[in-house]
Amino acid sequence: MNTPAAVVIDRPGLDGLIRGLMADGYQVIGPTVRDSAIVLAELDSPDQLPAGWGVDASPGHYRLRPREDGAVFAHSAGPQSWKQFLHPARQRLWSSRPDRTYTAESGDALRYAFIGVRGCDLAAIGILDTVLAGGAHSDSAYARRRRATFVLAVNCTEPGGVCFCASTHTGPAVTAGYDLALTERLDAGEHGFLVEVGTEEGARILAQVPQRRATAGDVEEAQAEVARAAGRMGRQMPEVDLRDLLHQSRESPLWEDVASRCLSCANCTMVCPTCFCTTTEDVTDLTGEHAERWQRWASCFEIDFSYLHGGSVRPSVASRYRQWISHKLSTWHDQFGSSGCVGCGRCIAWCPAGIDITAEVARLAEDAGRGQQDVSAQPAG
Amino acid sequence: MPSPPTLAIWKFTSCDGCQLTLLDCEDELLTLAGQVRITHFPEASSEVLPGPYDVSLVKGSITTADEQLRIHHIREQSHVLVAIGACATSGGIQALRNFTDVAQFRALVYASPEYIDTLATSTPIAAHVPVDYELRGCPIDRRQLLEVLSAFLIGRKPDLPDTSVCTECKRRGLTCVMVADGTPCLGPVTHAGCGALCPAYRRGCFGCFGPMTSPNIPALVSQLRACGLNEDAIQRAFRTFNAAAPAFIEEVQYRRTQCR
């Protein structure tokens with residue numbers, strides 16, 4: 001298709017888009033304020049968007065902050081990610097009846113519309129696509145949900161204190177994989193959104209709301225705002241070859257140091273938008289006539305995760321933290337062709353102990369740098 | 001048709017909350033009664049039949065010399081023995097006596113303390129006899145109880161994950177009360193099984209399921225302090241339902257030596 005020119009809509013226009021998606025049969029999932037956080041939940045109305053709410057986030061700390069303006073997308077990542085809809089925490093795989101016939105779960109017929117997907121999270125969905133639907137054994141339920149999902153992305157103009165997508169090259173701009181992409185604009189009391197169209201479905205939905213053609217100035221200002229956001233990230237992942245660094249750091253004393261602070265509570269993996277591991281549970285009812293197999297999120301921080309006959313392969317917290325970060329930043333490349341980290345910062349904010357993946361990597365990089373200097377200082381031969 | 005397996009429920013030192021959890025399984029009770037023969041459950045029925053028993057659910061802790069003997073008799077009579085609740089798995093609230101002089105308590109509480117025959121400690125069932133499964137909690141979780149019974153009836157291993165409450169909290173899509181509200185919470189060191197009941201009501205976890213395997217309690221203590229708990233409050237947090245769980249004892253003792 002020919003890429004249509006960008007347009008500008010106002011806040012009622014955004015509401016119209018959301019109502020249009022609802023009228024079209026989409027289950028609309030978007031950000032909303034609930035329980036002291038901006039969570040992702042099914043929206044019944046565009047009024048539920050978190051207008052006028054921002055977020056202060058730092059390691060182990062997250063607080064809502066009222067904003068003077070009515071911005072709806074000026075908040076960084078909350079406690080959940082889109083994974084909870086595409087790759088739910090618990091789902092039935094099959095069930096059996098007393099005559100021992102089995103029914104595989106055919107999956108829900110839901111069509112999701114995701115509202116406000118940032119660059120980091122769009123990259124995370126791309127990674128889940130590779131992991132869950134890109135291999136020889138595709139997760140059919142995931143693939144079905146994913147195919148039916150409408151993505152209304154946002155270029156991030158308000159990075160938070162734990163954000164580092166600029167250094168993982170996954171944001172703050174969204175580049176591909178969306179139906180519509182918005183950039184929220186708040187100039188001179190005017191609340192508007194620059195809209196770019198990614199797909200025909202996006203164009204069809206957009207056609208339903210009042211809009212005006214974007215001027216070159218609109219586009220430039222929006223791009224400048226996103227570029228400024230790149231310079232306002234709260235954190236930065238060290239710009240070194242992480243794949244190599246982690247590979248070389250297997251015996252680092254850092255792992256024991258992290259283990260003294262790490263609760264091994266698994267929060268980091270649960271909030272990570274790309275951590276995909278699951279385990280299965282078989283359930284039967286009291287009569288034994290009905291059996292089901294369920295899949296649920298698992299975590300490499302759980303002692304049961306690496307349990308083989310006789311015990312856990314990774315009984316120490318040091319070994320579990322090393323496993324997580326090595327997979328995420330290093331062996332993920334070998335397995336899936338990219339890093340598993342998108343720089344959203346959730347694992348930093350939602351770690352009750354405030355462990356910061358960027359700070360731990362910086363220490364590894366520092367130690368490795370020192371090690372190399374030591375080696376180079378030694379006389380040859 | 002073979003006779004159904006027999007189920008016995010035994011009470012040691014405890015309240016009746018865990019037994020009531022079984023009676024609370026209202027939707028499942030009739031089905032359960034059709035699958036097992038309940039042969040010993042004084043809370044529910046005056047009919048008491050002799051052993052042996054296919055499954056014994058044992059609630060309560062051991063606090064008297066009589067109980068010390070009785071638990072061995074029950075073990076001998078039971079094919080599978082499941083300890084249920086914080087009392088049976090760690091000694092319960094009454095294990096607070098373990099850290100002080102029970103004779104003083106006795107004199108303070110009872111008008112005629114000479115009638116009270118009790119041990120100096122409250123200990124879990126596993127300290128006296130081998131236990132096949134443990135269900136944690138004060139009280140236990142009814143879904144876990146039904147899971148153990150359903151697993152027994154079909155002959156499979158019950159699914160009782162040894163992991164943190166946080167995993168259940170996150171699977172439910174709840175927002176962390178400690179990170180977002182600064183509410184002290186024992187969830188990161190507490191054994192899962194309740195389904196993150198308290199955080200679902202925006203309360204911190206009270207740790208009634210006791211410690212998970214190898215919890216990092218010192219790391220949590222730093223965060224509890226950051227949430228505003230003082231040293232006394234932190235000690236109390238670990239001295240409630242599972243005061244005598246070894247990981248919790250260790251923490252309180254360590255902190256006492258630090259404070260001195």
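Predicted model: local features only at pLDDT ≥ 70, side-chain atom pairs only at ≥ 80, totals over all residues.

Start with the helix itself. One neighbour is helix 4 of chain A, residues 140-147. Two packed helices are described by the angle between their axes and the distance between the axes. Here the angle is about 145 degrees, and the axes are 9 Å apart. The crossing of helix 3 of chain A with helix 4 of chain A is left-handed. From helix 3 of chain A, the contact uses A:Asp129, A:Leu132 and A:Ala133. Helix 4 of chain A answers with A:Tyr142, A:Ala143 and A:Arg146. By type, that contact has four nonpolar residues, two charged and no polar.

Now the domains. Chain A is split into domain 1, residues 7-230, and domain 2, residues 242-377. Their C-alpha centres are 26 Å apart. At the contact, 40 residues of domain 1 of chain A meet 33 residues of domain 2 of chain A. On the domain 1 side, the elements giving two or more residues are strand 5 (61-66), strand 6 (90-96), helix 3 and helix 5 (165-168) of chain A. Helix 3 of chain A supplies the largest share of that side, nine residues. The domain 1 side as a whole has 21 nonpolar, 14 polar and five charged residues.

Next, the core. The largest nonpolar core holds 176 residues. The residues with the most contacts inside the core are A:Ala113, A:Leu152 and B:Val58. Take A:Ala113. Leaving out residues up to four places away in sequence, A:Ala113 touches A:Leu21, A:Tyr26, A:Val28, A:Ile29, A:Phe150 and A:Leu152.

Then there is the second chain. In the contact between the chains, 34 residues of chain B meet 40 residues of chain A. Five elements of chain B each give two or more residues to this side: helix 2 (26-35), helix 6 (142-154), helix 7 (165-171), helix 8 (177-181) and helix 10 (217-226). The chain B side divides into 14 nonpolar, twelve polar and eight charged residues.

Chain B also has two domains, domain 1 at 6-154 and domain 2 at 165-259. The C-alpha centres of these two domains of chain B lie 25 Å apart. Domain 1 of chain B puts 15 residues into their contact, and domain 2 of chain B puts in 14. Helix 4 of chain B, residues 85-90, gives the largest share of the domain 1 side, three residues. That side counts five nonpolar, eight polar and two charged residues.

Finish with one loop residue, B:Ala192. B:Ala192 sits in the loop between helix 8 and helix 9 (197-200) of chain B. Why does B:Ala192 count as buried? The cut-off is 20 or more other C-beta atoms within 10 Å. B:Ala192 is buried because 25 other C-beta atoms lie within 10 Å. Beyond residues up to four places away in sequence, B:Ala192 touches B:Pro161, B:Thr163, B:Ser164, B:Val165, B:Thr167 and B:Glu168. B:Gly137 is 55 residues from B:Ala192 in sequence, yet the C-alpha to C-alpha distance is 9.4 Å.

Note on methods: Residues numbered from 1 in each chain as written. Chains lettered and ligands numbered in written order. Contact = placed C-beta atoms within 7 Å. Helix = DSSP H or I, 4+ residues; strand = E, 2+ residues; numbered from the N terminus. Nonpolar A, V, L, I, M, F, W, Y, C, P; charged D, E, K, R; others polar. Domains from an automatic or database assignment. Core = buried A, V, L, I, M, F, W, Y, C linked by C-beta atoms within 7 Å. Buried ≥ 20, exposed ≤ 12 C-beta atoms within 10 Å, placed from the backbone. Axes fitted to C-alpha atoms, helices over the stretch in contact; angles between N-to-C directions. Left-handed = near helix turned anticlockwise from the far one by under 90°.
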